[in-house]
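Here is a walk through one chain, taken a piece at a time. Keep the structure open beside the text and follow along.

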Amino acid sequence: MDEHKTPGPRSSAPDDLEKLPGEADLQMDSKTMKAFAHPLRMAMYSYLSDKGSATATQLAKHLDESTGQTSYHLRQLEKHGLVEEDPDRGTGRERWWKPAGFSLRAELLKGDPSQMPVAQTLWQHQMQERVQTLRRWMANVTEEPQHWIESSVDSNSTSTMSAEEMRAMRDELMEVIERHTDASEARVKASGPGDDDRRARVYLSVLPLPSPVDSREDAERD
């Protein structure tokens with residue numbers, strides 16, 4: 001799971017872990033996962049991801065919480081490198097916060113199964129958020145401007161390949177995403193957002209299906 005390409009302030013990934021193209025620097029460890037796996041904090045992070053940045057007051061209003069609560073949880077998220085102050089939005093009267101990138105690599109959990117429950121909590125939240133986002137888009141797609149409809153796609157493709165071939169495809173896809181998001185971020189930073197700009201999201205899942213042996217075992221159990 002990689003949330004937000006924007007690099008976080010630090011990296012906790014092992015030195016021998018290959019960094020993917022566009023992957024965030026902050027690799028979640030057990031402390032970061034536990035700090036993040038809080039319903040309100042995950043909801044706050046999702047709102048920041050959708051909007052780009054927000055204040056504690058805006059988060060409180062959206063989530064029907066007190067400003068004291070959102071301010072406290074923002075500080076905890078900041079402590080673990082998951083949010084950071086948005087220097088382009090600060091007014092001096094109230095701080096604006098934006099999400100910082102993080103990555104949670106499944107291979108890091110294989111050596112420590114005790115971390116799986118909290119990791120599953122994070123993954124389930126990500127999946128629920130993805131379903132809600134796609135459902136909302138599909139429910140309202142006919143009301144969208146035509147040029148935005150034509151710019152979107154929802155597709156899947158299945159093929160037979162080796163692990164090496166799948167890895168090569170994954171890396172190339174990540175490179176394409178990084179190139180386009182870097183270009184758009186640079187354009188917005190240089191000249192500001194355009195009148196027709198919107199937040200956009202890319203979902204990318206590259207994974208193997210169950211092996212033939214696993215499929216036979218499932219059939220036998222059924």
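Glu85 stands opposite Trp97 in β4. This is a predicted model, so local features are given only at pLDDT of at least 70 and side-chain atom pairs only at pLDDT 80 or more, while totals for chains, interfaces and linings use all residues. Residues are numbered from 1 along each chain as its sequence is written, and side-chain values use heavy atoms, with hydrogens and water left out.

**The sheet**

The strands involved make an open sheet of 3 strands, in the order β2-β4-β3, with antiparallel pairing. β2 (54–55) and β3 (83–85) are at the edges with a single partner strand each, so one side of each has no neighbour in the sheet. In general, strands of a sheet pair through backbone hydrogen bonds, either parallel or antiparallel.

How many bridges join β3 to β4? There are 3, and β4 covers residues 96–99. β2 and β4, also antiparallel, pair over 2 bridges. For the bookkeeping, two strands pair if DSSP finds at least two bridges between them. Helices (H or I, at least four residues) and strands (E, at least two) are DSSP runs, numbered from the N terminus.

Two packed helices are described by the angle between their axes and the distance between the axes. Axes here are lines fitted to C-alpha atoms, for helices over the stretch in contact, and angles run from 0 to 180 degrees between N-to-C directions.

With helix α5 (residues 116–140), the axes of α2 come within 12 Å and cross at roughly 40°. That makes α2 oblique to α5; angles under 35 degrees count as roughly parallel, over 145 as roughly antiparallel, 65 to 115 as roughly perpendicular and the rest as oblique.

Contact means heavy atoms within 4.5 Å. By class, this contact of α2 with α5 has 3 nonpolar, 3 polar and 1 charged residues. Ala, Val, Leu, Ile, Met, Phe, Trp, Tyr, Cys and Pro count as nonpolar, Asp, Glu, Lys and Arg as charged, and the others, Gly among them, as polar.

The other packing is α2 with helix α3 (residues 56–63), at an angle of about 110° with the axes 11 Å apart. That makes α2 roughly perpendicular to α3, and the crossing of α2 and α3 is right-handed. Leu40, Ala43, Met44, Tyr47 and Leu48 of α2 and Leu59, His62 and Leu63 of α3 make the contact. The residues of the contact of α2 with α3 divide into 7 nonpolar, 1 polar and no charged.

**A few single residues**

Buried means under 20% relative accessible area, exposed over 50%, partly exposed in between (1.4 Å probe, protein chains only).

| Residue | Relative accessible area | Class |
|---|---|---|
| Ala24 | 3% | buried |
| Asp64 | 72% | exposed |
| Thr133 | 18% | buried |
| Thr158 | 62% | exposed |

Ala24 is found in the loop between β1 (2–3) and α1 (30–36). Ala24 and Leu104 are 80 residues apart in sequence and 9.6 Å apart in space, C-alpha to C-alpha.

Asp64 lies in the loop between α3 and α4 (67–79). The phi of Asp64 is near 55°, a positive value in a residue other than glycine.

Thr133 has its place in helix α5. Leaving aside neighbours within four places in sequence, Thr133 is in contact with Arg201 and Tyr203.

Thr158 lies in the loop between α6 (146–151) and α7 (163–191). Thr158 and Pro208 are 50 residues apart in sequence, and 9.4 Å apart in space, C-alpha to C-alpha.

**The chain as a whole**

Stepping back, the secondary structure of the chain comes to 8 helices and 5 strands. Along the sequence, the pattern reads β-α-α-β-α-α-β-β-β-α-α-α-α. Buried residues make up 28% of the 222 residues in the chain. Among contacts between residues at least 6 apart in sequence, 63% join residues at least 24 apart.

Methods:
A crossing is left-handed if the near helix is turned anticlockwise from the far one by less than a right angle, and right-handed if clockwise.
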